[in-house]
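Please look over the sequence and the structure shown here, and then read the briefing that follows, which goes through a few residues and regions in turn.

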Amino acid sequence: MLLGNFLIGLREGLEAALVVSILIAYLVKTGNRRALLPVWTGIGAAVVLACVFGIALSAASSEMQFKTQELFGGVLSIVAVGLVTWMVFWMRKTARFMKAELEGRLEGALDVGPLALAAVAFLAVGREGLETALFLWTNISNSSGGSTQPIAGAFLGLAVAVALGYLLYRGGLKINLKRFFTWTGAALIVVAAGVFGYGFHDLQEAEVFPGLHSVALEPHAFFAEFGGAGDWMQTVFQGVLNVTPQITWLQLVMWAAYLVPVMVLFLRNPSPSKPAPAKAAEPAPTS
């Protein structure tokens with residue numbers, strides 16, 4: 001869970017950091033430093049909203065009975081996977097146009113006033129924050145080893161993302177963002193596959209689906225054969241693939257049904273479409 005949440009915090013945090021750096025750099029470059037305050041206000045409000053959303057999810061689930069809690073967790077896990085999958089594909093497609101799009105919105109907001117500037121910053125960062133809070137909450141709530149490591153992994157990823165974002169803003173770091181988002185996107189799909197399968201495991205515990213005791217794999221039994229080394233091997237295996245100590249058949253099928261087609265679609269590299277050559281104009285018939 002620590003590695004999975006580190007990847008989530010790193011990728012989502014860097015997306016938000018890029019958004020912030022683009023907004024701030026544009027205002028500084030155009031001599032609109034007076035507009036920094038409403039922009040930072042919007043960013044701060046978005047961060048607070050994401051934190052409140054995560055706390056509200058935890059508070060709501062803690063008051064539920066076991067089956068209701070599992071139903072709630074299972075449905076939110078599947079929703080979170082859907083949002084993260086959309087985000088991964090969207091970011092890969094539109095990352096190179098993000099700067100121009102944000103600067104265009106900011107230029108229009110400058111003409112309207114401070115509230116518009118705060119709204120642009122709030123919406124740009126808030127979407128990332130809500131997605132991150134939901135996905136991290138599902139990971140932490142599904143963790144069988146407590147919440148300390150998942151939370152530590154998430155904060156470590158966010159801290160690294162903030163540092164990278166600052167270095168990019170200052171011009172002290174150059175990274176291939178396309179390659180970065182491709183590799184982290186692929187890793188995040190692996191993490192999401194585990195959350196997707198676990199979501200259906202939660203729904204089995206809520207008695208929405210049968211087969212809770214139809215176990216397909218028992219990783220803990222396999223790693224137990226390695227003695228003392230098996231403990232950390234199992235921890236790494238479960239942390240990377242985000243799976244449970246006992247994997248039901250439904251969980252395994254849904255894990256594969258998500259991972260294989262989504263990964264193939266994501267890694268597919270379609271050749272860019274070339275514009276059709278202009279057809280030469282036919283000479284007019286002479287009479």
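How does Leu71 count by its relative accessibility: buried, partly exposed or exposed? Leu71 counts as partly exposed because its relative accessibility is 37%, where buried means under 20% relative accessible area, exposed over 50%, and partly exposed in between (1.4 Å probe, protein chains only). This is a predicted model, in which local features need pLDDT of at least 70 and side-chain atom pairs count only at pLDDT 80 or more, while totals for chains, interfaces and linings use all residues. Residues are numbered from 1 along each chain as its sequence is written, and side-chain values use heavy atoms, with hydrogens and water left out.

**Helix 3**
- Leu71 has its place in helix 3, which covers residues 66-94; helices (H or I, at least four residues) are DSSP runs, numbered from the N terminus.
- Thr85 is also placed in helix 3, and Thr85 is buried because its relative accessible area is 14%.
- Apart from neighbours within four places in sequence, Thr85 is in contact (heavy atoms within 4.5 Å) with Tyr258 and Val262.

**Annotated regions**
- An unreviewed UniProt entry gives the annotation "transmembrane region" to several spans, including residues 71-91 and 150-168, although such annotations may be inferred rather than shown by experiment.
- Residues 71-91 are 100% helix and 0% strand, with end C-alpha atoms 30 Å apart.
- Residues 150-168 are 100% helix and 0% strand, with end C-alpha atoms 27 Å apart.

**Helix 9**
- Asp231 lies in helix 9, residues 229-241, and counts as exposed because its relative accessible area is 54%.
- Asp231 and His220 are 11 residues apart in sequence, and their C-alpha atoms are 8.4 Å apart in space.

Terms used
Helix = DSSP H or I, 4+ residues; strand = E, 2+ residues; numbered from the N terminus.
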